[in-house]
Amino acid sequence: MATITLDTVRKVYAGNVEAVKGVSVDIDDGEFIVLVGPSGCGKSTLLRMIAGLEDITTGDISIGDRIVNKVDPADRDIAMVFQNYALYPHMTVYNNLAYGLRNRKIAKDEIDRRVKEAARILEIGDYLERKPRMLSGGQRQRVAMGRAIVREPAAFLFDEPLSNLDAKLRVQMRVEIKRLQKALGTTSVYVTHDQLEAMTLADRLIVLNGGAIEQIGAPVDVYDKPASTFVASFIGSPAMNLVPVRSENGRLQAESGAGLDAPNLHGSDRYLLGIRPEHLEISGEKANGTDGLSMEFTVNVLEPVGAESYIYGQLDGAGPEIVVRAPSHARYDPGTVLYLNATAADIHFFDAENGRRIEG
Amino acid sequence: MKKVQFRNAWFPYLLLLPQLSIVAIFFLWPAAEAVRSSFYLEDPFGFGATFVGFDNFVDTITSTDYGRIARFTGIFTFCVTFLSLGIALLLAVKADKVIHGASTYKTLLMWVYAVAPPVAGLIAILLFDQHVGPIVKLVALFGWKMQIGVNYFDTGFAMVIAAVWKQIPVNFIFFLSGLQGISKSVQEAASIDCRSGFRRFWTVTFPLLAPTGFFLLIINITYAFFDTFGIIDVILKTEPGNNPVTLVYKVYLDGFRGNDLGGSSAQSVVLMILVFILTVIQFRLIERRIHYT
């Protein structure tokens, strides 16, 4: 068990490519942190720097009270679960689990106890004498987890561990990882590009974009108050609708012209106005009130996904594409004109220039 | 997979014919000829042959010369195989870790592959020359008066060095591609599990390289046995005298220089049997312990 502290950590590759741009964060003991972001945002690089698999260009990484910048990966007291599991193909499952312990000169019966215990927790006891190639993807994933658990490390590092599994198994393992981490209470850093995984697993999310932190916070906070248009469009599915708007006689309307009416809450001339698909209420006619948002919307496509449907369309026939969540039984023909209403509390305002959130 | 059926049953055999005839003409026929003539005493001028049964084999195996040469061949093969595999593996492991100028290193280590064995022998002769050879001058600093072609040990030493030098690039290429075939994340997982790079190499990298190593072991033994002929011939300047030779070279000496075709054939049959036994042992004993991914 330990805290992990990153202090203005930078990674610059040859050719002056800055993969990680001065990231600072304090991770609490026992906390489950998820690093999330699109490909190439530096999340894996950051994790590998904590593991010691990549050098740190500048800045400090501490695990516990110790700065580990120059400490060998084997001495950092961490365990890592890799995306492709990285099991030793020539060793049995038992030896895969025991290998790291033997190298640490742990007594034989203690190794045996830990391996058996991990095998019991992960239900892989029947495969201990098999080689990895004789296991299914889900079983290999469990062995990879087991290899991390037996080490009883100060921190677990997960590098997209579920992305090679099929959808059903992924959900199952996700629940299991969460349960295990809570039971063991081990500080964990988890990298994923899957925002659903990030939302469900994390105590706190770190959203990365272009090597820098966009936002740190509990999943609900990040969802409810995205710090930028990047976070707003990355977290949540379908993504938040973003409409460029300008002020006209104290009210807001879409840059493209008509079709939108909303109060100007922050006294600026231009914004990016954000509204989540589930916060839009479908109505046959324009709302009367003036404190909320109302827009005129033409249906393009209806996309039923089972439990609900998504309606894609445009503001008054022009302007950016808008998504609305509708009940699963909803039926709207293309070309239908609807009114979408939302309360002021559900509207997000972002700076038109830099995309940062404007708080009211 | 789609099964393709030829309309004419003989057509596939026709397609195989070039390969089969090469095997027949260049391997089966000479082998059969060697077996046949090993039972005959051939007239030196080729006028006739007398059937002598196993006399050629008895003569071969009981001659004191043969034992000595077989022992040298064994030591030579062991040294060449061990050194060329070991040095190539070391170079491959080091080259795999090089980041800057990697391709330059690799090319430099590989180009010797393109040198023909007799040329390799010639270069070896230059290096080991009595008067201008840099290696002779180097070891002279340590008080070793090297005399290639005169001293039995020195000549054998030069042969081993030349043969190893010639073989390292082949092994290097295979080991390097074998190393690059090992998953990077497996190596990273190992670096988290084990601090000692030395131990990591022997417990993870080496076992995963074993299929490559086993293949190269067979290739190298065969090389040391048969393909070093050119190097040996050039170093000896076709004047063996009392210098060390290998069994294959003796087959050539007795058959074509000594005109004893029967005895020479008997030796080559013994060699064939030896290689056959060796191959069976290798596949039976060693391959069983090797993990193929």
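# Exercises on chains A and B

Between chain B and chain A, the salt-bridge rule (a side-chain nitrogen of Lys or Arg within 4 Å of a carboxyl oxygen of Asp or Glu) finds 3 salt bridges across the interface. The model is predicted, with local features requiring pLDDT of at least 70 and side-chain atom pairs pLDDT 80 or more, while totals for chains, interfaces and linings use all residues. Residues are numbered from 1 along each chain as its sequence is written, chains are lettered from A and ligands numbered from 1 in the order in which they are written, and side-chain values use heavy atoms, with hydrogens and water left out.

**Exercise 1. Describe the interface of chain B and chain A.**

Step 1. Start with the residues in contact, meaning heavy atoms within 4.5 Å. Chain B brings 21 residues and chain A brings 24.

Step 2. Take the buried area, which is the accessible area (1.4 Å probe) that two parts lose on being put together, summed over both. The size of an interface is often given in this way, as accessible area lost when the parts come together. For chain B and chain A the value is about 1800 Å², with 57% of it on carbon and sulfur atoms.

Step 3. Look at one salt bridge: the side chains of B:Asp193 and A:Arg151 pair at 3.3 Å, N to O.

Step 4. Count polar contacts. A polar contact is a pair of N or O atoms within 3.5 Å; within protein, one must be able to donate a hydrogen and the other to accept it, and residues adjacent in sequence count only if both atoms are side-chain atoms. Chain B and chain A have 14 residue pairs in polar contact, both residues at pLDDT 80 or more.

Step 5. At least two residues each come from α8 (184-193) and α9 (197-227) of chain B. The largest share, 9 residues, belongs to α8(B).

Step 6. Sort the chain B side by class. It holds 9 nonpolar, 6 polar and 6 charged residues. Here Ala, Val, Leu, Ile, Met, Phe, Trp, Tyr, Cys and Pro count as nonpolar, Asp, Glu, Lys and Arg as charged, and the others, Gly among them, as polar.

**Exercise 2. How many helices and strands are in chain B, and which residues does UniProt list as "transmembrane region"?**

Step 1. Chain B contains 12 helices and 2 strands. Its order along the sequence is α-β-β-α-α-α-α-α-α-α-α-α-α-α.

Step 2. The C-alpha trace of chain B spans about 75 × 75 × 30 Å along its principal axes.

Step 3. The unreviewed UniProt entry lists 69-93, 105-128, 148-165, 201-226 and 266-286 of chain B; positions are given in the numbering used here, feature names are shortened, and annotations may be inferred rather than shown by experiment.

Step 4. Check two of these spans against the model. Residues 69-93 of chain B are 100% helix and 0% strand, with end C-alpha atoms 35 Å apart. Residues 105-128 of chain B are 71% helix and 0% strand, with end C-alpha atoms 26 Å apart.

**Exercise 3. Which domains does the assignment give for chain A, and what area do domain 1 and domain 2 of chain A bury between them?**

Step 1. The domain assignment (bounds from an automatic or database source) gives domain 1 (4-234) and domain 2 (241-351) of chain A. Their contact takes 6 residues from each of these domains.

Step 2. The C-alpha centres of the two domains of chain A are 39 Å apart.

Step 3. Domain 1 and domain 2 of chain A bury about 600 Å² between them, 61% of it on carbon and sulfur atoms. A:Tyr223, A:Thr229 and A:Ala232 supply 70% of the area that domain 1 buries against domain 2, more than any other three residues.

Step 4. On the domain 1 side, α7 (219-224) and α8 (229-234) of chain A give two or more residues.

**Exercise 4. Where in chain A are A:Glu31 and A:Arg204, and where is A:Pro238?**

Step 1. The side chains of A:Glu31 and A:Arg204 form a salt bridge at 2.5 Å, N to O. A:Glu31 is in the loop between β2 (17-27) and β3 (32-36) of chain A, and A:Arg204 is in strand β9 (residues 204-209), 173 residues apart.

Step 2. A:Pro238 lies in the loop between α8 and β11 (241-248) of chain A. The peptide bond from A:Ser237 to A:Pro238 is cis, with omega near -5°.

Conventions:
Helices (H or I, at least four residues) and strands (E, at least two) are DSSP runs, numbered from the N terminus.
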